[in-house]
Amino acid sequence: SSAIAKPIYFFDEADGKNRALLGGKGAGLAEMTKLGLPVPPGFIITTDICEKFYEAGKRLPDGLMDEVRKSVRRLESITGKKFGDAKNPLLVSVRSGAPVSMPGMMDTILNLGLNDQTVEGLAAQSGDARFALDAYRRFIQMFGKIVLGADDRQFEKALVGNGINNNSSDEKALRQVIASFRSLCEATGKRFPDDPYKQIELAIDAVFRSWTGKRAVEYRRQYGITPDMANGTAVTVVAMVFGNMGRDSATGVVFTRNPETGEKKLYGDYLVNAQGEDVVSGKANPSHIDQLESEMPQVFGQLSQVCQKLENHFRECQDVEFTVERGRLYILQTRTAKMSAGASVKTSVDMYHEGLINKVEALQRIDPEGLEQILYPRIDSHVKQKPVATGVAASPGAASGIAVFDVAKAEAMGKRGEKVILIREDTKPDDVPAFFQSVGILTTRGGKTSHAAVVARGMGKPCVVGCSQIEIDPEGASFSVAGRVAVSEGQKITIDGSTGRVYTVEVPTVAPEITSEFKEILQWSAEMKAIRIRANADTPESATLARKYGAEGIGLCRTERMFNQHDRIALFTKMVMAETEQEREKALAELERLQKSDFKAIFKEMQGLPVTIRLLDPPLHEFLPKEEDLMMQIFELKSEGGHKAESEMLKREKMLRRVRELSEINPMLGHRGVRVGITFPEIYEMQIRAVCEAAADLTKEGVKVESQIMVPQVATVNELATVRHMFESVKRDAEHRHKIKLKIVFGSMIEVVRSCLVADEIAHVADFLSFGTNDLTQATFSFSREDAEGKFLPFYLEKGVIAVNPFQSIDQKGVGRLMKMTIEMARKVKKDMEIGICGEHGGDPKSIEFCTAIGLDYVSASSHRIPIAILAAAQSAI
Ligand code: PEP
Ligand code: MG
């Protein structure tokens, strides 16, 4: 076989920059060792070995254990302790650590090296039998669960059965627990190994295996972590230090800045006399890090210095695990902190001003998609609703949903598209699949760094933890507050992850405010981006929001959406249902009045920035009454009898006839868009006139207007030419009437495959083009945009038949190719032709990158995604 690369590195000999080889945890420990920080000694088994492990069919490579033995011996000589020694035992932790952070998704074993003999040594060494026994029972439990596959719940039961809690000092009870734990291990049919070398071998094997465990695989899939980013985990073996050696010992997690708000102040929590897992699992309620300053002032001072050093070195906020063993501080891990979007924005801007990073670095570290988090609604502060309980605010944003206590149920309901709030006492990594499917998470135990808090924050989901006023009933079907049932499963609740409040009703929310740091980021992005950003907006309110966020125009105003509100639907339906031109003219006159005033409001709001009005593209089926409903009504009126019912019935019958006339088997491929405009020219004429009139009025008032009119569903140049003719004549009329010249340009949507194929012809008739990638994707794949995402697409995505949802991110190979071809053909006809995109993809960061690359002039995204689009555009340009 080929020469084996060095399989193991000690912290002080490794290159801390090589995360691919050492994993994030190992690299961090190596780097901290180099910085002279108080890191316990240890070594790293590389990710190469993990790959070899899998190549060999999940077997540790030959010779590895010899290297491990050598390394343990070196660890013995550094620490002055001995592995397996009954008097002065060396204990180690065996931890996972992939090149890409996957917090809590893989396995870790602490206190390894304990057995019935060494535990007595540990007791003598520490002078604390209780501590030693407690460490031992924790080890058996972890080892039993992870390596031997014992059922964790049985251990928990045995603990409760023996009356043990985290600070139990009853030796006898602990010995009983250890005995029952060992028999729980034996019950798996596998032997619990007393030999520490056997223990470490099995632990290394288990950590490697956890790389392909269900949790880890699901996590990588959700976050798009591909093999080229991380192809295995490293294993770090570290000499144990103990945070549970008495009142002068502690363990905790500290963030160098507040990961929720970004405030430059240490943030986190710790527990005195405890081991790391107690903090992370959220099983106990820890103290805030501020308290450490009075409780252990020296340690606090040292910890603050360490944090400062780490930030200066890594130039990113760090999430640091520490342990205090009898007054001595040890740093066990550092990694880039996962932060809320708001904190990510604030710390990036702050670090720029502190001179730690430049603007480009600042922009690159903000996830555009994550910005949605700060753009999320919050609970309206004017609402007088009283919370039923208040827990710890762990991940910002407010969410309402159905209370669900069961993980599997939450996962299933979420997958069905229901809005679910997952409620648990605490959570474990196994619960993460349900997190993805929930709109919010609520726990009754744990602090800001508990599992639930960290995971929810990473996902940008609202989360409240440690809500101890809430008591979940034993059946897990309701929760009580102060002894009274407050919420039963299935009921709606609201949680506010920014304040920690929990409400037993659906509470109204308001749009969030924009911080000065956020504005600064948008400002920098606007300077750096290489593509213009417009908004899809159909109402003056939406236009206002778009402007506020920095949109440079409106790229799509869907005129049919302007009728979606309240009283207008009836009028619109009347127009659609009209059987004669006369009837239609009447309805149209009223609509024209409404449209004109809407257009005026939008033009005014946009103050001379381009506004693209799309002529009607009515999905008729959305506006028509349902055939069944009409038939039911007719039936009821018939049985009612009488004069009034009779005339009502005749009306409905007429309506039914019309609905049947208009009904189509395939409405999305039916009588819509330009086809309606050509068959009922009075509709498009009305709309064009409304645009012209609005523009004329405003121009006379001295308001600048730059409007564009575009035609949907164009497949042939003749369709476009027909509408253009209409447009010119209506415009000429208006100019004549108002005695002014109107600057309105005329263009075509490109959303039908044929229009791509004849883009040169179309370019002769159009002043500009705009890709409607929603329909273009539907047409290119022949996937119904209405149904695909609810039917087979999820399956396709899960099975990897399709890598990304093409309705979310542009399919570059297929749809993208059509786009490139179209651009090339069109610009051959008109060199500087303006071409943009107004499908939903215009707000998707990956698609924005693509649109920048293929030379589009602008992307148009829905108003609330404008900041995301601006940042993504900047990132594509740098
Ligand atoms: C499109 O098809 O991409 C588009 C913008 O139009 P709509 O979504 O209204 O069909
Ligand atoms: Mg369309």
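Visitor: Where should I start with an accessibility value: is D775 buried or exposed?

Guide: The general idea is a cut-off: a residue counts as buried under 20% relative accessible area and as exposed over 50%, with partly exposed in between. D775 has a relative accessible area of 5%, so D775 is buried. Bear in mind that this is a predicted model. Across the protein chain, buried residues make up 56% of the 878 residues.

Visitor: Which residues are the protein donors of the magnesium ion (ligand 2)?

Guide: The general idea is to look for protein atoms close enough to the metal to count as donors, keeping in mind that water is not among the atoms, so sites may look incomplete. Here the protein donors are E751, through OE, and D775, through OD, at 1.9 to 2.1 Å from the magnesium ion. E751 sits in the loop between β30 (744–750) and α29 (753–757), while D775 belongs to helix α31 (residues 773–781), so this pair ties together parts that are 24 residues apart in sequence. E751 is buried at a relative accessible area of 3%.

Visitor: How many salt bridges does a search of the whole structure find?

Guide: The search finds 63 of them. To read one, ask where each partner lies in the chain and how accessible each partner is. Take R257 and E311, whose closest N and O atoms are 2.9 Å apart.

Visitor: How far apart are the closest N and O atoms of E354 and R257?

Guide: They are 2.7 Å apart, and the pair forms a salt bridge. Distant parts of the chain are linked by it: E354 is in the loop between α13 (341–353) and α14 (359–364), R257 in the loop between β8 and β9, and the separation is 97 residues. E354 counts as partly exposed, at 37% relative accessibility.

Visitor: What is the volume of the second largest pocket?

Guide: The general idea is that rolling a probe the size of a water molecule over the atoms shows where empty space is left. The second largest pocket has a volume of about 430 Å³. It is lined by 24 residues, and the closest to its centre are E260, G342, I374, R378 and T515. Two or more lining residues come from each of α13, α15 (372–375) and α19. The largest share is that of α13, with 4 residues. By type, the lining divides into 11 nonpolar, 8 polar and 5 charged residues.

Visitor: Which domains does the second largest pocket lie between?

Guide: Domain 2 (242–375) and domain 3 (383–510) both contribute to the lining, so the pocket lies between them. The other domains of the protein chain are domain 1 (8–239), domain 4 (540–623 + 665–745), domain 5 (625–662) and domain 6 (751–878). The centres of domain 1 and domain 4, taken over C-alpha atoms, are separated by 67 Å. The C-alpha trace spans about 105 × 70 × 55 Å along its principal axes, and the secondary structure comes to 35 helices and 33 strands.

Visitor: What is the phi of N273?

Guide: Most residues other than glycine have a negative phi. N273 is not a glycine, yet its phi is positive, about 55 degrees. N273 is in the loop between β9 and α10 (276–280) and is buried, with a relative accessible area of 15%. R315 also has a positive phi of about 55 degrees without being a glycine. R315 is in the loop between α12 and β11 (318–325) and is partly exposed, with a relative accessible area of 32%.

Methods: Residues are numbered from 1 along each chain as its sequence is written. Chains are lettered from A and ligands numbered from 1 in the order in which they are written. This is a predicted model: local features need pLDDT of at least 70, side-chain atom pairs count only at pLDDT 80 or more; totals for chains, interfaces and linings use all residues. Side-chain values use heavy atoms; hydrogens and water are left out. Donors are N, O and S atoms within 2.8 Å of the metal (3.2 Å for Na, K and Ca); water is not among the atoms, so sites may look incomplete. Buried means under 20% relative accessible area, exposed over 50%, partly exposed in between (1.4 Å probe, protein chains only). A salt bridge is a side-chain nitrogen of Lys or Arg within 4 Å of a carboxyl oxygen of Asp or Glu. On a 1 Å grid over the protein atoms alone, a cavity is a set of points where a 1.4 Å probe fits but cannot get out, and a pocket is an open set with protein on both sides within 12 Å along at least five of seven lines; lining residues have an atom within 4 Å of a point. Grid points are joined across faces, edges and corners, and a volume is the space filled by probe spheres set on the points. Ala, Val, Leu, Ile, Met, Phe, Trp, Tyr, Cys and Pro count as nonpolar, Asp, Glu, Lys and Arg as charged, and the others, Gly among them, as polar. Domain bounds come from an automatic or database domain assignment.
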